[in-house]
Amino acid sequence: MSDQAVTMGMPAAGEASDRRWVSHAVQHAAVFIAVIALWEASVQFGWVSKLLLPSPVAVVIAWYKLAISSALIWPHFFVTMFEALAGFLIGVVLGGGAAIACALSPPFRRLASPYMVALQVTPRIAIAPIIVAWLGFGMQPKIAIAMIICFFPIFINTLTGLLQTDADAHEMFRSMRASKRQIFRELMLPGAMPVIMAGCKTGISLALIGAIVGEFVSASVGMGVLIQRFSFQLLLPEAFACLLMLTVMGLILFFAMEVLDSRLVFWRHDKRLAEKSRRKAARYTRRA
Amino acid sequence: MSSVAIEQSGPKAVPRDVVVRADGVEKTFDGGVVALEGASFDVHKGEFVSVLGPSGCGKSTLLRLVAGLIERTGGSLTAYGTEVTAPRADIAMMFQRPTLLPWKTALDNVLLPTLIERRPTKEDRERAIGLLRLTGLTDFEFAYPQHLSGGMQQRVALARLLNAGADLLLLDEPFGALDEFTRERLNLELLRIQREIHATIMFVTHNIAEAVFLSDKVLVMTPRPGRLAAEIDVPFARPRAIELTATPEFNALVLKIRDILGSRS
Ligand SMILES: Nc1ncnc2c1ncn2[C@@H]1O[C@H](COP(=O)(O)OP(=O)(O)O)[C@@H](O)[C@H]1O
Ligand SMILES: [Mg+2]
């Protein structure tokens, strides 16, 4: 039966792809070492001033002091991460909620759209001092700024995803006499999920930017405070070590979103899908 | 005494059950496009009726009207004796695209009409698996749509259509996007399934031979504005084999319809 040809999405021959993976890893390591070596050499040989660009070794030493021996960095690290995450989650609730309202109600969409455009074209960072004036010096203003900055991509992606619901599928649901609620839950929302998740990935890195900006404006704890303080004191190795930790934080948040994505949008991940089919089939035969 | 005898004698005296009765059904879209102009026809219980015509002649519009998905702008349209005003449980529709949900397995896709009514039970699942078997998909219950070929996806959509439990099935070019071989086989299977479940079918196509081969009656439509040009009865006995398409009678009928379409478009 020609139409019964299945492609179970199996990965290509294991060994060959393993070997390719190892060779890629070696290439990456080589490039990394070369860049670090060039950086170290340019500082050691005085091509650039030590004051402006600390050597990798100096950064590692500073990092060790901050993260291990004094452990001074961690409260700041977690405060910033908390602010970014809280801002992001509120952004998801508000941005997602506003998008759902806009998607389901054309009048609401029409009335809300000028404000959404205004929100998009205004450089939202500029609102940071105002927010601080409103909310004071605690974590709340940073969370609010993170939320405002990440709101838009989450809102616009959710709205786009919901509005691009397949018209035929929608009609099929209607022919089955599905309620609006069922159409939303069973068709629109899951269908929009890939686009929503893409918005969330952009959103979470923007939330981190928002938290740091808020800390720049005014704060006593947070990675932004730390970097600012070290930079003013010209302790550049320490400032770089903080920057490095922010990269790590960004990666943690990014991978958290990737994991969430592979669970929420599992049908876009071929390997997970094949695995899920097998699991469901196994569970069924066990029960029977 | 004699009147009773007359009523019981001869097949004509017992009226066949009318499933769909369209009387001057019209559809003008908001923009002023007349998609369908005064269509009148009957569909009887257990009949296989094709709606045939070139693209844009209003076939999908006609089917969506019967499905209650869009409102007519004129005429009367009843199914099982009551006016069609909205989608209903005794009518189910299938589209050219499979419109499967990629996050549901074949089985869960088939169960969708059940899910919309209530939480599916074990019996519902067994019945859905039975329907997948009926449409030739044994062992693919737990596959996801993207792991199925186009033909298999339409088989899932067909099983889902049957799971709606409707007596009147509306199929809008259901196999039109598939290759010739797959389409022919699925057409034959559709006939077999119809024999098994005694469904009434309205089937949209733009392929004359396909319409003649499948149908008891062909509604021939012409475009601009979309209208019903002729209603052709197809007398060939059932079950039909593909060899029928090589007979002179079959080809004469195809030519006759081609003439109708050619002279009026
Ligand atoms: N929602 C709509 N709004 C306006 N015009 C439409 C709409 N749907 C279909 N039409 C028009 O109605 C005519 C018939 O369309 P359709 O029933 O889809 O034809 P077919 O299925 O035979 O190809 C076409 O001219 C098409 O452009
Ligand atoms: Mg059509």
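Q: If buried means under 20% relative accessible area, exposed over 50% and partly exposed anything in between (1.4 Å probe, protein chains only), which class does A:Trp74 fall into?
A: In this predicted model, where local features need pLDDT of at least 70, side-chain atom pairs need 80 or more and totals for chains, interfaces and linings use all residues, side-chain values use heavy atoms, without hydrogens or water. A:Trp74 comes out as partly exposed, with a relative accessible area of 29%. Residues are numbered from 1 along each chain as its sequence is written, while chains are lettered from A and ligands numbered from 1 in the order in which they are written.

Q: Okay, and how many aromatic pairs turn up over all chains?
A: The search of the whole structure gives 14, counting Phe, Tyr and Trp rings (six-membered ring for Trp) with centres within 6.5 Å, and calling planes under 30 degrees apart stacked, over 60 edge-to-face and the rest tilted. One of these is the edge-to-face pair of A:Trp74 and A:Phe77, at 5.4 Å centre to centre with 70° between the planes.

Q: Where do A:Trp74 and A:Phe77 sit in chain A?
A: Both belong to helix H3, residues 73–104 of chain A, and they are three residues apart, about one turn of the helix; helices (H or I, at least four residues) and strands (E, at least two) are DSSP runs numbered from the N terminus. A:Phe77 is buried, because its relative accessibility is 3%.

Q: What about B:Phe48 and B:Phe203, what is their geometry?
A: Those two rings form a tilted pair, with 5.5 Å between the centres and 45° between the planes. This pair links distant parts of the chain, since B:Phe48 lies in strand E3 (residues 48–52) and B:Phe203 in strand E8 (residues 200–205) of chain B, 155 residues apart.

Q: Which residues make up the aromatic cluster with A:Phe266?
A: A:Phe266 forms one cluster with A:Trp267, B:Trp103 and B:Tyr144.

Q: Switching topic, how many residues has the largest nonpolar core?
A: It has 104, a core being a set of buried Ala, Val, Leu, Ile, Met, Phe, Trp, Tyr and Cys residues joined through side-chain atoms within 4.5 Å. Among the residues with the most contacts inside it are A:Phe155, A:Met223, B:Phe41 and B:Met202.

Q: And which helix gives the most to it?
A: Helix H8 of chain A, spanning residues 180–217, gives the most, with 15 residues. A second, separate core holds 58 residues, including B:Leu111 and B:Ala157.
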